[in-house]
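Subject: Structure handover

Hi,

Here is the structure I promised to pass on. Please open it next to this email and follow along.

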Amino acid sequence: MLHAKAKEEPGRRFHALADKVWREDFLLAAWGMVRRNGGAAGVDGETVADVEARGVERWVGELSRDLREGTYEPRAVRRVLIPKKQPGKFRPLGIPCLRDRVAQTSAMMVLSPIFEADLEPEQYGYRPGRSAKDAVRRIHRLLRGGRNEVVDADLSNYFGEIPHAELMKSIARRVSDGRMLGLVKAWLEMPVVEEDGKGGTRRTNRARKERKGTPQGAPISPLLSNIYMRRFILSWKALGHARRFGAEIVNYADDFCVLGKAPAAEMLAAVNRLMERLKLPVNARKTRCLRCPEESFEFLGYRIGWNHRPTDGGRYIGTRPSKASVQSICRRISEETNRGRGWLEAEEVVGRLNRMISGWANYFDLGQVSPAYAAVDRHAIRRLRQWLRRKHKVRSGRYVRFSDERLWRRYGLTRLEPTTGDLPWAKA
């Protein structure tokens with residue numbers, strides 16, 4: 001209903017929204033989504049099990065009352081560091097309390113249909129019916145269509161740099177409900193609690209002090225990031241850059257690249273000017289200008305450039321899992337089969353490996369995947385064999401007792417390489 005109205009009336013502002021956020025049926029639906037997503041507890045330590053022991057309907061009813069009566073106040077966000085694919089690199093992740101995650105999810109259910117009607121086709125992240133693989137496919141089509149000049153862009157801390165005033169203007173363009181705008185503003189200004197490196201914690205509020213940033217990890221942050229990135233894409237087209245450069249932006253969350261026919265350096269200059277106006281710093285060290293497929297680049301875990309056919313050595317523009325993506329899944333396999341897991345049963349270890357490997361392959365199934373699949377298979381076999389040998393104290397005959405075939409057939413370890421025949425892109 002909201003989506004249809006927003007689509008039919010691009011200039012419409014919606015005024016009665018907050019009363020839907022605190023409706024108990026919306027909050028119960030939001031609770032179900034938060035529960036399925038899992039996640040750690042926030043600063044208050046409250047877990048899903050705690051809420052269920054107390055009574056979900058009672059808990060939701062209290063949250064609804066606080067939202068309705070205006071006594072609701074967001075609590076601090078617990079910040080943790082999540083390892084990136086690159087060893088030694090970490091990404092800060094904000095974990096709001098359960099009640100804040102549920103309230104934000106309810107608001108997202110109300111706001112998303114409105115803003116989904118406005119988002120640009122170049123935006124692929126966090127949208128129904130769109131995925132990261134769709135973005136990779138679009139890049140592939142653009143390259144094959146002659147858009148070979150590429151700006152492989154990198155923004156410095158996009159989520160942490162989104163300016164509040166400009167973001168709120170973008171939201172207010174569609175929302176006139178003061179209560180709803182007040183909730184969004186309060187979520188943008190939540191304080192942060194993190195470890196201080198001395199065994200304690202420290203509480204800061206950079207977002208309120210500097211008036212910028214949305215915590216990466218909060219349920220509403222993906223929607224807010226899309227709303228603000230839309231300004232960049234709209235400006236790119238409104239200023240005539242798309243037509244003048246013969247260029248198109250492909251965006252997923254905080255990642256984007258520009259593919260066109262004009263020199264990449266000229267396109268990057270235009271990107272820099274726009275980002276300066278939007279108060280979003282471009283990471284000059286990581287941003288590249290290149291011509292693809294002569295030069296390859298990585299986007300959303302895929303390496304995009306020349307691929308070579310193993311049969312005749314012929315080359316074609318294609319994709320394959322990046323080296324970093326293969327290394328990342330291999331590290332995770334190693335973690336699941338380390339010495340500290342010897343007390344687990346083999347079925348549980350293999351089950352964990354299979355879920356991990358299958359999930360990785362479900363995403364990395366575009367292009368020339370056979371070499372990557374073979375590498376993952378080899379690593380999984382070697383690590384599982386080592387784990388079983390330690391567990392059963394086998395010092396010799398390891399390849400007889402734990403042969404590749406036995407690991408696949410007896411223990412049920414997933415094998416990726418034979419599955420490539422069913423993948424259309426993988427046959428190329």
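Below are the notes on helix packing, aromatic rings and backbone geometry.

The model is predicted, so local features need pLDDT of at least 70 and side-chain atom pairs count only at pLDDT 80 or more, while totals for chains, interfaces and linings use all residues. Residues are numbered from 1 along each chain as its sequence is written, and side-chain values use heavy atoms, with hydrogens and water left out.

Some naming comes before the findings. Helices (H or I, at least four residues) and strands (E, at least two) are DSSP runs, numbered from the N terminus. Contact means heavy atoms within 4.5 Å. Buried means under 20% relative accessible area, exposed means over 50%, and partly exposed is in between (1.4 Å probe, protein chains only).

**Helices H16 and H17**

H16 and H17 pack with their axes 12 Å apart, at an angle of about 165 degrees. That makes H16 roughly antiparallel to H17. For the terms: angles under 35 degrees count as roughly parallel, over 145 as roughly antiparallel, 65 to 115 as roughly perpendicular and the rest as oblique. The axes are lines fitted to C-alpha atoms, for helices over the stretch in contact, and angles run from 0 to 180 degrees between N-to-C directions.

The crossing of H16 and H17 is right-handed. From H16, the contact uses Ala346, Val349, Val350, Leu353, Ile357, Trp360 and Ala361. From H17 come Ala372, Tyr373, Val376, Ala380, Leu384, Trp387 and Leu388. On handedness: a crossing is right-handed if the near helix is turned clockwise from the far one by less than a right angle, and left-handed if anticlockwise.

Take Ala346 in H16. Ala346 is buried, at 8% relative accessibility. Ala346 touches Trp387, Leu388 and Tyr411, leaving aside residues up to four places away in sequence. Ala346 and Trp387 are 41 residues apart along the chain, and their C-alpha atoms are separated by 9.0 Å.

Arg355 also belongs to H16. Is Arg355 buried or exposed? Arg355 is exposed, with a relative accessible area of 59%.

H6 (residues 98-116) packs with H10 (residues 178-188) at about 130 degrees, and the axes are 12 Å apart. This pair is therefore oblique. The crossing of H6 and H10 is left-handed. On the H6 side are Ala103, Gln104, Ala107, Val110 and Leu111. They meet Met180, Val184 and Trp187 in H10.

In H9 (residues 164-172), the buried residues are His164, Glu166, Leu167, Met168, Ser170 and Ile171. What do they pack against? The buried residues of H9 pack against H6, H10, H11 (206-210) and H12 (221-238).

**Aromatic rings**

Rings of Phe, Tyr and Trp (its six-membered ring) pair if their centres lie within 6.5 Å; planes under 30 degrees apart count as stacked, over 60 as edge-to-face and the rest as tilted. The count is 12 aromatic pairs. In one of them, the rings of Tyr302 and Phe364 have centres 5.1 Å apart and planes at 50 degrees, so the pair is tilted. Tyr302 lies in strand E10 (residues 302-308), and Phe364 in the loop between H16 (346-363) and H17 (370-391), so the pair ties together parts that are 62 residues apart in sequence.

Tyr302 is buried, at 0% relative accessibility. Phe364 is buried too, at 5%. Ring pairs link Tyr302, Trp360, Tyr363, Phe364 and Tyr373 into a cluster.

Two arginines sit over rings. The charged end of Arg130 is over the ring of Tyr124, 4.9 Å from its centre. Arg410 lies over the face of Tyr411, 4.8 Å from the ring centre. The rule: NZ of Lys or CZ of Arg is within 6 Å of the ring centre and within 35 degrees of the ring normal.

**Backbone geometry**

Most residues other than glycine have a negative phi, and most peptide bonds are trans. Here are some exceptions.

- Cys292 and Pro293 are joined by a cis peptide bond, with omega about 20 degrees. Pro293 is in the loop between E8 (288-291) and E9 (297-299).
- Arg211 has a positive phi, near 60 degrees. Arg211 is in the loop between H11 and H12, and is partly exposed at 45% relative accessibility.
- Leu300 has a positive phi of about 55 degrees. Leu300 is in the loop between E9 and E10, and is buried at 18% relative accessibility.

Best wishes
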